[in-house]
Amino acid sequence: MSSSVPRTVKAIDTAELMRLDDEARDHGFNRHHGAGWLAANADLSTVHYLRPAMVHDAGRRPEFSPHWRCMLLLRVRDGQEVFSLLDIWPASFDQLPESLDAATKAAISYRLQFGGLLTQAQWIGSGAPA
């Protein structure tokens, strides 16, 4: 595996997001949403966006190192978009289709880095049900 992450953004539906989240838990990755959290809180009818941000090592699980820590633009059920993180196995990310044009990728990447989005924790703390 490359020592750097791809500089791209991929769009995924909620079912695929939940599958990747389950995979992260199965691999013992640190960044995931917990069993059932996405099913209870993510907008089930929309698209979410993943952008790899860094290579991450799971020191205690060398068989799953390195993997990618991705920024996630997640639409929750009340319509808000929040920032979250999700650790993803590189092969799983590579299998996701490229469906966005360059301008859309750039706009989403900018929003993830500089868009002032609430984090998942802030959204929960704002009174949204955990």
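Predicted model: local features only at pLDDT ≥ 70, side-chain atom pairs only at ≥ 80, totals over all residues.

Which residues does K105 touch, not counting residues up to four places away in sequence?

Author: K105 touches T8, V9, E98 and L100, leaving out residues up to four places away in sequence; touching, or contact, means heavy atoms within 4.5 Å. Residues are numbered from 1 along each chain as its sequence is written, and side-chain values use heavy atoms, with hydrogens and water left out.

With T8, the side chain of K105 also makes a polar contact, side chain to side chain, at 3.0 Å. That term means a pair of N or O atoms within 3.5 Å; within protein, one must be able to donate a hydrogen and the other to accept it, and residues adjacent in sequence count only if both atoms are side-chain atoms.

Now zoom out a bit: K105 sits in helix α4, which runs over residues 102-114. Helices (H or I, at least four residues) and strands (E, at least two) are DSSP runs, numbered from the N terminus. K105 is one of the buried residues of α4, along with I108, S109 and L112. They span an arc of only 100° around the axis (taken from the directions from the helix axis to the C-beta atoms), so they share the same side of α4. Their cover includes β2, β3 and β4. Buried means under 20% relative accessible area, exposed over 50%, partly exposed in between (1.4 Å probe, protein chains only).

Terms used: Expected span 1.5 Å × (residues − 1).
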